[in-house]
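Hi,

Here is the structure I said I'd pass on.

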Amino acid sequence: MKNERVLNLFDAYADDLYRFAISYVGSKQEAEDIVQEVFLKLLSRKLFIGKDYEKSYLLKMTANMCRDYLKSKRAAVSVNYDETMKDTGMDQSFTDKERQLYEMLMQLPDSRRAPIYLHFYEGYTYKEIAKILKISESAVAMRISRGRDELKRRWEE
């Protein structure tokens, strides 16, 4: 892919990919590395990504790299809520209740955290999430349902 095209994609989607990677792996440093790897792969490949599919394709690449990271031996997920919020700029746009909810979301297992993030923060449908995460729609629905139940239970405590 041409350098200029990759730079345009970076400018348009790097922040979204970074926030998604943090929500998936729970580590600022690893999220940065994963997003960097996504764009380095784009530079080294001759791909054509249609305008309508840019973000979902990049999210799928990011999800694959996050999954690979979590499978690797170096994955020791620890989420620092304050660091995550400041680094993504979310601390300025969230109310106190939204911050508390996001903090609880970051404490969920990654299998539930990623689908909930994609659905409620990025606005993807279950079908789109299933494609991005390479799982069935019913698995997406189940993970979101169980994650919401767990968040509700934690919120009430």
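From the N terminus on, the elements run α-α-α-α-α-α-α-α-α, which comes to nine helices and zero strands. Helices here are DSSP runs of H or I with at least four residues, strands are runs of E with at least two, and both are numbered from the N terminus. Keep in mind that this is a predicted model, where local features need pLDDT of at least 70, side-chain atom pairs count only at pLDDT 80 or more, and totals for chains, interfaces and linings use all residues. Residues are numbered from 1 along each chain as its sequence is written, and side-chain values use heavy atoms, with hydrogens and water left out.

The chain has 157 residues, and 41% of them count as buried (buried is under 20% relative accessible area, exposed over 50%, partly exposed in between, with a 1.4 Å probe and protein chains only). Among contacts (heavy atoms within 4.5 Å) with a separation of 6 or more, 64% are between residues 24 or more positions apart.

Now for the helix packing. Helix H1 (residues 3-25) packs against H3 at about 45°, with the axes 9 Å apart. The axes are lines fitted to C-alpha atoms, for helices over the stretch in contact, and the angles run from 0 to 180 degrees between N-to-C directions. H1 and H3 are therefore oblique to each other; angles under 35 degrees count as roughly parallel, over 145 as roughly antiparallel, 65 to 115 as roughly perpendicular and the rest as oblique. On the H1 side the contact includes Leu9, Phe20 and Tyr24, and on the H3 side Leu58, Cys66 and Arg67 are among the residues involved.

H1 also packs against helix H7 (residues 110-121), this time at about 155° and with axes 8 Å apart, so the two are roughly antiparallel. Arg19, Phe20, Ser23, Tyr24 and Val25 in H1 meet Asp110, Arg113, Ala114, Tyr117 and Leu118 in H7.

Leaving aside neighbours within four places in sequence, Arg67 touches Tyr24, Ile132, Leu133 and Lys134.

The whole structure has nine salt bridges. One of them joins Asp16 and Arg19, with the closest N and O atoms 2.4 Å apart. Both lie in H1, three residues apart, about one turn of the helix. Asp16 is buried at 14% relative accessible area, and Arg19 is buried at 18%. Asp16 and Arg19 also belong to a network of salt bridges with Lys55 and Glu122.

Leu108 is buried, with a relative accessible area of 2%. Its C-alpha atom is 8.2 Å from that of Glu150, 42 residues apart along the chain. Beyond neighbours within four places in sequence, the contacts of Leu108 include Ile116, Gly147 and Leu151.

Cheers

Notes: Salt bridge = Lys/Arg side-chain N within 4 Å of Asp/Glu carboxyl O.
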